Amino acid sequence: MNGIGLIWLIDADPPSEAGGGKGFYPASRYKTPPDPAVMMHRLQTIGSLVDGEAGGRAVITLHTSPRYRNDFFEGPYHEFWRQRRAAGTSIALHPHEDREDGSSLYDDLDHLEKVIDMSMTSAASANISFDIFRSGGFSFHPNLPALLRKVGLTVDCSAAPGQRDISRAMDWPATQVSAIGEGERVIAEIPLGWNGSGTAFEQDYLYNEKQDLEGLKRVWDCILKQSEASRIPRAVNFLTHAFGLVDPHWREQAICFLDWACRHGGTLVNAEGALRMMSLTTLSEKQSTLPIYAGR
């Protein structure tokens, strides 16, 4: 496998009336479950696109949050996850842990441990298995790798290099992250594709709904140059969202970028393929890894 491993990362979050993660806390005025017709339309659109454009190779997130703790493990969604696994798509556990004020519960390790344990129990009961983890809103906690390894998750897709917002529990180093944690706690990291310089989502990252096509291409060119200079196999993710993929503009842009990237050094992979690409399946426990939250 040559080139750069490219994960097509699809956040399948439900609609949020309050905008962003602020709609995922358990406020009293938010009582209803997600509209199954809306969500199944989004998920079925995603499934068709991933099969048609990527041969099934992608990562789709299963959303859980204070508001929607178990909704996507239940009801009409079972069959979708079963079909995705059969197609070779990776499923990411995606806890979107937000407070009413917009800050993140990723600063609370006890909360995260409970959420991960509950989610893994719910997944097992629903016969769903996860290949990878993705935090909500790029949030993280320095002790999260140990929690993930404890439940058998050794790949993460949360990093946004250079992004720092302590209120949102984000403090990613401005460098290409490939692994986080230490010793027995180390996990592989597939970061958001980044040009290595700025920190504006609108121009410096592979973030579909905040970029234009030419901007995505420019970021990819930078990633290619970095990879050629280091000669180290690596993988990055291209972030898209369910709301974008049902919109003709964002859907067409995502398809065009994926096609262009695969004609310019990229190889579409799922979580397993990304690990092979990065040569991280045999990570030594003594191998040094990049620290995070150094400024906290």
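This is a predicted model: local features need pLDDT of at least 70, side-chain atom pairs count only at pLDDT 80 or more; totals for chains, interfaces and linings use all residues.
Trainee: How many aromatic pairs does the structure hold?

Mentor: There are 11 aromatic pairs. Let us take one. Phe 140 and Trp 172 pair up, with 5.1 Å from centre to centre and 50° between the planes.

Trainee: What do we call that arrangement of Phe 140 and Trp 172?

Mentor: Read the angle between the planes. Under 30 degrees counts as stacked, over 60 as edge-to-face, and the rest as tilted. With 50° between the planes, Phe 140 and Trp 172 are tilted.

Trainee: Where do Phe 140 and Trp 172 lie?

Mentor: Both sit in loops. Phe 140 is in the loop between strand E4 (132-133) and helix H4 (144-150). Trp 172 is in the loop between strand E7 (170-171) and strand E8 (179-180). The pair therefore ties together parts that are 32 residues apart in sequence.

Trainee: Is Phe 140 buried or exposed, and what about Trp 172?

Mentor: Buried means under 20% relative accessible area. Phe 140 has 0% relative accessibility, so it counts as buried. Trp 172 has 3%, so it counts as buried.

Trainee: Why is the pair of Phe 238 and Phe 257 called tilted?

Mentor: Use the angle again. The planes of Phe 238 and Phe 257 are at 55°, so the pair is tilted. Their ring centres are 4.7 Å apart. Now place them. Phe 238 belongs to strand E10 (residues 235-241), and Phe 257 to helix H8 (residues 248-262). This pair ties together parts that are 19 residues apart in sequence. Phe 238 and Phe 257 are both buried.

Trainee: Which charged end sits over the ring of Phe 138?

Mentor: That of Arg 134, at 4.9 Å from the ring centre. Look also at Tyr 207. The charged end of Lys 210 sits over its ring, 5.6 Å from the centre.

Trainee: What is the phi of Phe 138?

Mentor: Phi is about 65°, a positive value, although Phe 138 is not a glycine. Phe 138 lies in the loop between E4 and H4. Its relative accessible area is 7%, so Phe 138 is buried.

Trainee: Which value does phi take in Asn 127?

Mentor: Phi of Asn 127 is near 60°, again positive in a residue other than glycine. Asn 127 is in the loop between helix H3 (109-125) and E4.

Trainee: Is Asn 127 buried or exposed?

Mentor: Exposed means over 50%. Asn 127 has 73% relative accessibility, so it counts as exposed.

How values were computed
Residues are numbered from 1 along each chain as its sequence is written. Side-chain values use heavy atoms; hydrogens and water are left out. Rings of Phe, Tyr and Trp (its six-membered ring) pair if their centres lie within 6.5 Å; planes under 30 degrees apart count as stacked, over 60 as edge-to-face and the rest as tilted. Helices (H or I, at least four residues) and strands (E, at least two) are DSSP runs, numbered from the N terminus. Buried means under 20% relative accessible area, exposed over 50%, partly exposed in between (1.4 Å probe, protein chains only). A charge sits over a ring if NZ of Lys or CZ of Arg is within 6 Å of the ring centre and within 35 degrees of the ring normal.
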